[in-house]
Amino acid sequence: MSKLWKRILALCLLLTVLTVGMPTVRVATVGAAASQGVADTVLPFDVDAASVLGITSAQVASLRTEILAAVLAFEQECDIERYGIVYSEEVNTCLSALIRNTMPEAFHVASWTFNYRGGANRIVTRVRFAQYRYTEQEYRAMVKQCDEIAEQMTRDLVNSDLTEEYKALLLHDRLATWVDYDNAAVILNAVTPIDHTMYGALCNRIAVCDGYAKAYIYLLRRVGMESYICRSQKLGHAWNIVKVDGKWYHVDVTWDDPVWDVTGRVNHKFFLLSSNGIYAAEHAATDYDTNPTDTRFESKEWPWHGSATAFQYLNGRLYYIDNARETLRYCEGNALYDAVSVEDTWYASPTQGYAENFARLSADGQYLYYSLAKAVHRYDPVTGTSQPIYSPQFFLRPYHNIYGMKTEAGMLYCDVTDSPNFDAFTKALRQERVKLPAAWQMGNVDGDDKITSTDARLVLQLSVGKVKDSGLNTAAADVNKDSKVDSTDARMILQMAVGKIKTFG
């Protein structure tokens with residue numbers, strides 16, 4: 001085609017456009033981290049999203065699936081014109097909330113825009129993903145890390161006989177003990193985008209509220225449960241709404257993991273509440289989703305109400321510490337049973353102790369571990385017996401106690417300090433980390449896995465006050481179980497050491 005004919009054709013096209021006009025495309029830009037106002041807090045609860053978007057709930061689910069598939073494939077846009085959604089500012093907010101609040105995997109999407117046609121019928125045509133934070137290779141590696149950790153947290157729950165409320169409870173507690181709230185960054189106004197993601201919570205183990213909430217969604221979906229994020233602009237906060245047995249409830253993992261972090265501490269004040277319940281529990285604002293109305297789990301008969309440490313699932317049983325009753329207990333069906341007392345006093349001075357019980361609970365897949373003021377004990381769920389396994393050195397700090405404890409990957413962690421009120425430096429400066437010791441047997445006072453004359457000598461010295469109990473297993477010293485350590489115990493241990501007796505019974 002000659003240049004002249006090309007120019008003639010271009011002129012004809014221009015005249016056509018000037019005569020009939022071109023279809024216009026307008027763009028509504030939404031930043032991934034920008035607040036969308038009050039409407040963003042109540043969407044996208046499926047029925048509400050459906051009414052706002054003018055489509056069915058099934059179509060909302062399909063739309064979510066399509067958009068998520070597009071971002072996971074690193075596509076530049078997703079065509080959604082076939083849904084016939086008419087653009088408005090509320091639709092903008094709703095679609096943004098659909099991405100932000102229900103797709104924790106989409107942490108690599110930095111921003112997006114919505115395109116819609118001009119004219120009276122402004123149909124939304126596509127979502128454009130303006131920017132990805134990572135390369136596809138980087139993102140795949142990050143998701144693999146998330147999957148590996150989520151698998152560890154959910155493996156024993158997927159095919160268990162646990163009810164949905166207890167699955168939600170265990171994942172609430174596991175997440176709270178796994179993640180530390182990034183309080184230092186909040187104070188310094190240095191929160192990073194990764195703090196707001198499930199990757200920050202699961203892999204970096206540090207996050208802010210919506211990072212917790214997105215990780216919780218991700219974990220719950222692995223056990224077949226539904227959840228989405230609830231936001232309050234007034235509170236500057238985000239948490240979860242979770243479906244249990246067909247009804248919706250508020251769950252705030254972040255506020256149940258109070259700062260500064262204490263190892264093994266988990267509260268349950270904000271777990272499975274109605275909207276009135278969570279409002280009364282310090283969420284005093286009116287700009288968030290109030291769909292949850294059921295109050296079933298607010299009865300104090302549910303075991304988590306008296307517990308300030310993580311529930312543990314072991315050998316098909318749910319174990320927990322009732323800190324109010326000062327007892328390690330377990331659930332079987334609807335029945336609750338006492339396992340062992342955790343009664344103790346955390347002294348702050350020679351004569352004054354705290355009224356609260358600060359026992360913590362952990363597990364390693366075979367045994368349970370609970371901490372009292374001065375020692376960590378191992379509980380065997382098969383035999384129903386317990387033994388002290390570790391006591392920190394208290395010689396120079398007699399009014400220090402164990403306020404935090406956990407076991408992880410063969411290690412024992414104890415937060416040893418003079419107060420339950422932690423600051424930014426408590427765990428860094430006061431946490432003892434040791435290899436998980438073998439169980440001490442009765443008579444093995446020094447913890448060397450042997451009963452010798454040294455144990456007998458130490459017990460005799462303990463009985464007359466010549467040595468402190470720092471680092472010694474004083475419970476293993478009371479071999480005749482008369483609740484005191486004296487020369488009789490020393491004599492029996494010596495007899496065991498030289499073979500004159502076979503048992504302490």
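A: A helix here is a DSSP run of type H or I with at least four residues, and helices are numbered from the N terminus. In this predicted model, Thr154 is found in helix α6, which covers residues 136-154.

Q: How many helices and strands does the chain have?
A: The secondary structure of the chain comes to 15 helices and 21 strands. Of the 505 residues in the chain, buried ones make up 51%. Among the contacts with a separation of 6 or more, 58% are between residues 24 or more positions apart.

Q: Is Thr154 buried or exposed?
A: A residue is called buried when its relative accessible area is under 20%. Thr154 has a relative accessible area of 0%, and therefore counts as buried. Leaving aside its neighbours within four places in sequence, Thr154 is in contact with Leu171, Arg174, Leu219, Arg222 and Val223.

Q: At what angle do α6 and α7 pack?
A: The angle between α6 and α7 is about 130°, and their axes are 10 Å apart. Because of that angle, α6 is oblique to α7, and the crossing of the two helices is right-handed. On the α6 side Ile149, Met153 and Thr154 take part, and they meet Leu171, Arg174 and Trp178 in α7. Sorted by class, this contact of α6 with α7 has 4 nonpolar, 1 polar and 1 charged residues.

Q: Which residues make the contact between α7 and α10?
A: Let us begin with the geometry of the pair. The axes of helix α7 (residues 164-178) and helix α10 (residues 209-222) come within 10 Å and cross at roughly 140°, which means that α7 is oblique to α10. The crossing of α7 and α10 is right-handed. From α7 the contact takes Ala168, Leu171, His172 and Leu175, and from α10 it takes Tyr212, Ala215, Tyr216, Leu219 and Leu220. These residues of the contact of α7 with α10 divide into 8 nonpolar, 1 polar and no charged.

Q: Why are α4 and α5 called roughly perpendicular?
A: Angles of 65 to 115 degrees count as roughly perpendicular. Helix α4 (residues 57-72) and helix α5 (residues 89-102) pack at an angle of about 65°, with their axes 11 Å apart, so α4 and α5 are roughly perpendicular to each other. In passing α5, α4 makes a right-handed crossing. Val60, Leu63, Arg64 and Ile67 of α4 make the contact with Leu95, Leu98, Ile99 and Thr102 of α5. The residues of the contact of α4 with α5 divide into 6 nonpolar, 1 polar and 1 charged.

Q: Where is Ile389 found, and how far in space is Ile389 from Arg378?
A: Ile389 is found in strand β18, which covers residues 385-390. Ile389 counts as buried because its relative accessible area is 0%. Although Ile389 and Arg378 are 11 residues apart in sequence, their C-alpha atoms are 6.4 Å apart in space.

How values were computed:
Residues numbered from 1 in each chain as written. Predicted model: local features only at pLDDT ≥ 70, side-chain atom pairs only at ≥ 80, totals over all residues. Heavy atoms only, no water. Axes fitted to C-alpha atoms, helices over the stretch in contact; angles between N-to-C directions. Parallel < 35°, antiparallel > 145°, perpendicular 65-115°, else oblique. Left-handed = near helix turned anticlockwise from the far one by under 90°. Contact = heavy atoms within 4.5 Å. Nonpolar A, V, L, I, M, F, W, Y, C, P; charged D, E, K, R; others polar. Buried < 20%, exposed > 50% of the residue type's maximum accessible area, 1.4 Å probe, protein only.
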